[in-house]
Amino acid sequence: MKMALSTFALEKRGIYGILHVIILLLSLFLVISISIDTFKGIPFYTRSGYMNIQFWICMFFLFDFFLEFALSKDKGHYFGTHFIFLLIAIPYQAIISYMGWTFSEELTYMIRFIPLVRGGYALAIVVGWLTYNKASSLFISYITMLLSTVYFASLAFYVVEHGVNSQVTDYGDSLWWAFMDVTTIGSNVIAVTTTGRVLSVVLAALGMMMFPIFTVYVTSLITRQNQEKQEYYQKLAKGEKSIPKNS
């Protein structure tokens, strides 16, 4: 890890490195603000300060997209593979507020998570910089995204179920539901709202798709260690054969 950080500091990754680190920090700010508003029950959509901050963060995400698009050698390929980042960088909440549209509180709350997808991508890139092994980089990225998804799902579940579900008395119940649901074991907390049921299905499906990665990663580690041992013993055997025996 220390060598990886040194390499990152020496290479500096150019403008792309600076942009992705800033995106990651801004995304962390959004995560903290969403968490505080959720735990304190603050109606964020009535707070002009938060709306302005999120608007300018989305503007920075758009700036990053168009800057990388302008710097890319194959613009068609970049646009095709990164088009989703253009969609998630649009400040939907600012547009909704400006147009005077009204949606349910649950849907409005969910829209807040859209810009965080861009932060997840930046996080995966930064993790890749700090790890040399591609398998380790992929594994750590998956673990980070899985834990982030569980956390966001627990927040959303708490918002839609708290007050209408007698089994969700505090955030701890929601977090317990999320962890048990993603492992596909199931929880004693059962969703009663439509949004909560959808989250239950999505989280369980995500768990079924991502947990096999643990098996693949552990298998690759064992295989690599066995290969290293075999190579070591082969070199050791060759070294013993090359030593002349005393008559």
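This is a predicted model: local features need pLDDT of at least 70, side-chain atom pairs count only at pLDDT 80 or more; totals for chains, interfaces and linings use all residues.
View 1. Tyr142, Ile143, Leu146, Met210, Ile213 and Phe214 form the lining of the second largest cavity, whose volume is about 30 Å³. Helix H8 (134–161) and helix H11 (212–242) each contribute at least two of the lining residues, and the largest share, three residues, belongs to H8. By class, this lining divides into six nonpolar, no polar and no charged residues.

**View 2. The largest cavity, with a volume of about 40 Å³.** The lining of the largest cavity consists of His20, Phe61, Asp64, Phe65, Glu68, Tyr78, His82, Phe85, Arg118 and Tyr121, of which five count as nonpolar, two as polar and three as charged. Helix H3 (48–71), H4 and helix H7 (116–129) each supply at least two residues of this lining, with the largest share, four residues, coming from H3.

**View 3. Helix H4 and its kink at His82.** The 14 residues of helix H4 (residues 75–88) should span 20 Å at 1.5 Å a residue, and the end C-alpha atoms are 19 Å apart, which agrees.

View 4. Leaving aside neighbours within four places in sequence, Ala204 is in contact with Asp181 and Thr184, while Ala178, 26 residues away in sequence, lies 9.0 Å from Ala204, C-alpha to C-alpha.

Definitions and conventions:
Residues are numbered from 1 along each chain as its sequence is written. Side-chain values use heavy atoms; hydrogens and water are left out. The expected span of a helix is 1.5 Å times one less than its number of residues. The bend at a residue is the angle between axes fitted to the seven residues ending there and the seven starting there. Contact means heavy atoms within 4.5 Å. On a 1 Å grid over the protein atoms alone, a cavity is a set of points where a 1.4 Å probe fits but cannot get out, and a pocket is an open set with protein on both sides within 12 Å along at least five of seven lines; lining residues have an atom within 4 Å of a point. Grid points are joined across faces, edges and corners, and a volume is the space filled by probe spheres set on the points. Ala, Val, Leu, Ile, Met, Phe, Trp, Tyr, Cys and Pro count as nonpolar, Asp, Glu, Lys and Arg as charged, and the others, Gly among them, as polar.
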